[in-house]
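Open the model in your viewer and keep the selection panel at hand. This tour goes stop by stop.

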Protein chains: 2
Amino acid sequence: MPTALPLSAALLSLLTAAPKAPAPAPVTGPSPQVAERLIGAALTEGHAYARLAELTDGIGPRLSGSEGEQAAVQWAKRSFEADGVKVWLEPVKVPRWVRGEESARVVGSERHRAHPLSIMALGGSVGTPAEGLTAEVIEVRSLEEVAALGEKVKGKIVLFNHSMTVAADYGKAAGLRTRGASVAAKSGAVGMLVRSLATASLRSAHTGAMRYDEGVAQIPAAAVSVEDAELLHRLLAGGPVKVELKLGCQTLPDADSFNVVAEVKGREKPQEVVLLGAHLDSWDVGTGAHDDGAGVAMVMEAARLIGKLKPAPRRTVRVVLFANEENGLRGGKAYAEAHAGELANHVAALEMDAGGFKPLGVTLRAGPGGAELVAPWLKPLDALGAGSVLQGDAGGADISPLIPARVPFVGVRVDSSRYFDVHHSWADTLDKVDPKELAQSTAAVAWVGYVLAEVPGVLPRPEAPPAEAPKPAAAPVGTPKPAAP
Amino acid sequence: MPTALPLSAALLSLLTAAPKAPAPAPVTGPSPQVAERLIGAALTEGHAYARLAELTDGIGPRLSGSEGEQAAVQWAKRSFEADGVKVWLEPVKVPRWVRGEESARVVGSERHRAHPLSIMALGGSVGTPAEGLTAEVIEVRSLEEVAALGEKVKGKIVLFNHSMTVAADYGKAAGLRTRGASVAAKSGAVGMLVRSLATASLRSAHTGAMRYDEGVAQIPAAAVSVEDAELLHRLLAGGPVKVELKLGCQTLPDADSFNVVAEVKGREKPQEVVLLGAHLDSWDVGTGAHDDGAGVAMVMEAARLIGKLKPAPRRTVRVVLFANEENGLRGGKAYAEAHAGELANHVAALEMDAGGFKPLGVTLRAGPGGAELVAPWLKPLDALGAGSVLQGDAGGADISPLIPARVPFVGVRVDSSRYFDVHHSWADTLDKVDPKELAQSTAAVAWVGYVLAEVPGVLPRPEAPPAEAPKPAAAPVGTPKPAAP
């Protein structure tokens, strides 16, 4: 049971001064015993890392519609059951895109010999003809530059080069990957390459989602390694450069998948739901250790540890392992639709999807007074360096469909500065996750989940989004919120 | 003309006190004008980097016997001619090994699903049957451990795991790659994998040379990425693991190639030769920018700059771009044979083959008194941090056949601490070479080459190697001397 703690006068005035604060609740602080139990277990038992090893080494990649994804769903269900946590599956139709054989090369000329290029088709791309597609390359730095070039783009392969060097650049560069093909096709391009969105490279391509605008020719689109984007840039300085691109990818009919939903019922207000989310799918390369196996391991472990508390927290803690975050967001949308009737009772939603790194603090997307509600309860995370409410929004692709229902969002920010070294690449494997850092983030997630389920008041709901805001579904998928630089 | 400089009494006593010093020569110091010209040009003209770009971007990989290698030989000849440096080709028969299609995977079991493995055949390996080779993996850490395991190795694929994490570990781990297959085959292994000899990895395999002992079964051998070696290690902790290996590599008949030899004749003692070497061949992956395009660019630029000095230095400076360092050392051996009659007049040999990194100082393999001879002439390199004689031997794979002739070796040591991030991998590309660092090393090589050709005395020759020492040809090929930690 949480123990009532004496509250300082200053803090009390802070709380009561919060505008639009919810109806006053009995002021209590967190239970030191619960803090010890949750944080102690997360830091010492190694359970989250062991789960992550099962998911990555045991199952491996799990792109929507693949056998790996199906195996992951069954593994997650079995694992929750083994943990004594109630679990069920909620059906989601997911896209099924398959990669196939792929290759690219710079065609030799009198200025240079041929060069193989390290590429990966972007998820959702159409394939090329079997014999490949050969065209001159034209290099641009932005979507706007394509339009400015006009006729010069016609019949070309457009290379979207950019200068992403740190994680904070990802959001800016992701638009090139997501939208570049259709923007280029509108000007008559026949193919699209995007410099990999990577902060480290050993000739490694990084895939990711793209989508085609309606009514525009669908042209093949691939990510090219940073090194090869630079090679093309250098060769283009000397004259025309031709590239041959072969992509065997295709989109098959939608497949049946599931959101995996588990919960620990609240003792006092079981109808009030604190949602802890992560996504179970991954790309088809690497084993999705950071993206988003780590998030899955954290929220599963939070459920396991909170599920063992006697008594249970005041509210229900619901863990959702979303389907299809990477290339469709169908799981997030399906959850919002299936649970539309209870979203008013979703008192908080949190998604972990920025890697298994050390926690830095807590972020909020809530109405005024939110920080004052939770801040005093975060003290047990101080020794992990994560006990403060940080500037910046909380969010997550899979929970973005909950924005219209004004569900408050909470985040445990992690140090994602090295996330894009491996993100969406073959190198996103278990060895990249530091067990210590994963344990620390797991502790933070378990504690924050508990706090949200136990704190006497609930977070004030944020403002409704402006009517003209883009639909959540249009947000670039697969986009985590990297830590501020 | 070098200007006679006053010499301190202390320095004079040092020189005269040197045991076995060569016959006293008129004591002079280096010409400040020449130092300005050589070092200034190397640091400001960017010529070495431009040449490196031609070699890597223009020609690309250049494995022995390939079209790329032939193109590189012709490019080098044309380039020396364009620089006004006398050049000729000396024929070398080189091995011709070709890679072909290759892949590997962990076979799925009830404990884990299948995993693709990132591998590359080792240079010289035989291929597998077209349908591949499937066997259980057995993990070892050393050559000795294979013998200790005895019968357990029979019918298995031996994984040589190791703990190379820094450049200084390379020499130790290289023996596993070079000799592992035959050692494993002696115990009945059917295949061999070696953890890539890498100090960074993004699921990247690093190839390299191997050789088969005579009279032992030739089994297929490949490097596996660090990540995949660790995956196998983890999976093996849970029980037996099977791997399927498909290598399409083969060895074709020897091909015709060349050492590219260029020289600037000495003004006083043209018969005395200072050899500056690097190797023109590379592996078939990446573009050999650090290994050894950078060395090639440095010594070519040294020849160009020294060739413009009027008058020429006292002795002949000969640049040799060796063929086939990576997988045979045929160029080094051919040079030693073709020039056997003049090796007694080779007064120094230097090979640059540890990457295009910043220079740290000068190393020597010479008789007593060598350091005292050159040290006073290195002062112009002080501002580059390279003006000291360092502890540790000088050497180089291609010049190792000159050891029996007691040719003194000189080295310009570079900071190779990051060399093995990219060495022998797809990632060894131009972008990895810092133009500033390449310019600095080029300046050091040009200056040291000039010093050796101009200093009044010659380096005392080192002791003859002991009769029981391994033949130079048996040294692991492709093995640079990384900087001491």
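Buried means under 20% relative accessible area, exposed over 50%, and partly exposed in between (1.4 Å probe, protein chains only). The model is predicted, so local features need pLDDT of at least 70 and side-chain atom pairs count only at pLDDT 80 or more, while totals for chains, interfaces and linings use all residues. Residues are numbered from 1 along each chain as its sequence is written, chains are lettered from A and ligands numbered from 1 in the order in which they are written, and side-chain values use heavy atoms, with hydrogens and water left out.

**Stop 1: the two chains**

Show chain A and chain B together. A rotation of 180° with 0.0 Å of shift along its axis puts chain B on chain A, at RMSD 0.0 Å. That is the relation of a two-fold axis. The superposition is by least squares on the C-alpha atoms of residues with pLDDT of at least 70 in both copies. Which residue of chain B comes closest to the rotation axis? Select B:Leu202: its C-alpha is at 3.1 Å.

**Stop 2: the interface**

Now select the contact residues (heavy atoms within 4.5 Å). Chain B gives 33 residues and chain A gives 33 residues. The copies meet through the same surface, because 100% of the interface residues of chain B are also interface residues in chain A.

Chain A and chain B bury about 2,400 Å² between them, 57% of it on carbon and sulfur atoms. B:Asp57, B:Arg113 and B:Leu202 supply 30% of the area that chain B buries against chain A, more than any other three residues. Buried area here is the accessible area (1.4 Å probe) that two parts lose on being put together, summed over both.

Next, look for charge pairs. A salt bridge is a side-chain nitrogen of Lys or Arg within 4 Å of a carboxyl oxygen of Asp or Glu. Six salt bridges are counted between chain B and chain A. One to select is B:Glu227 with A:Lys432, at 2.6 Å from N to O.

Colour chain B by secondary structure. Helices (H or I, at least four residues) and strands (E, at least two) are DSSP runs, numbered from the N terminus. Helix H3 (47–59), helix H4 (67–82), strand S3 (115–117) and helix H7 (226–236) of chain B each give two or more residues to the side that touches chain A. H7(B) has the largest share, five residues.

**Stop 3: A:Thr429**

Go to the loop between strand S15 (409–414) and helix H11 (435–454) of chain A, where A:Thr429 lies. Is A:Thr429 buried or exposed? A:Thr429 is buried, with a relative accessible area of 6%. Not counting residues up to four places away in sequence, A:Thr429 touches A:Thr287, A:Ala289, B:Arg203 and B:Glu227.

**Stop 4: salt bridges within the chains**

Over all chains the count comes to 60 salt bridges. Select A:Arg314 and A:Glu268, whose closest N and O atoms are 3.1 Å apart. A:Arg314 is in the loop between helix H8 (289–307) and strand S12 (315–322) of chain A, and A:Glu268 in the loop between strand S10 (250–264) and strand S11 (269–279) of chain A, so the pair ties together parts that are 46 residues apart in sequence. A:Arg314 is buried at 12%, whereas A:Glu268 is partly exposed at 45%.

Move along helix H8 of chain A to A:Arg304 and A:Glu301. Their salt bridge has its closest N and O atoms 2.8 Å apart. The two residues are three apart in the helix, so about one helical turn separates them. A:Arg304 is buried at 9% relative accessibility, and A:Glu301 is buried at 3%.

Then select A:Glu263, A:Lys265, A:Arg318 and A:Glu342, which are linked in a network of salt bridges.

**Stop 5: backbone checks**

Most residues other than glycine have a negative phi, and most peptide bonds are trans. Find the cis peptide bond between A:Lys310 and A:Pro311, with omega about -5°. A:Pro311 is in the loop between H8 and S12 of chain A. In chain B, the peptide bond from B:Asp291 to B:Asp292 is cis, with omega near 0°. B:Asp292 is in helix H8 (residues 289–307) of chain B.

Finish with A:Asn324. Its phi is positive, about 65°, although A:Asn324 is not a glycine. A:Asn324 sits in the loop between S12 and helix H9 (330–338) of chain A, and is buried at 0% relative accessibility.
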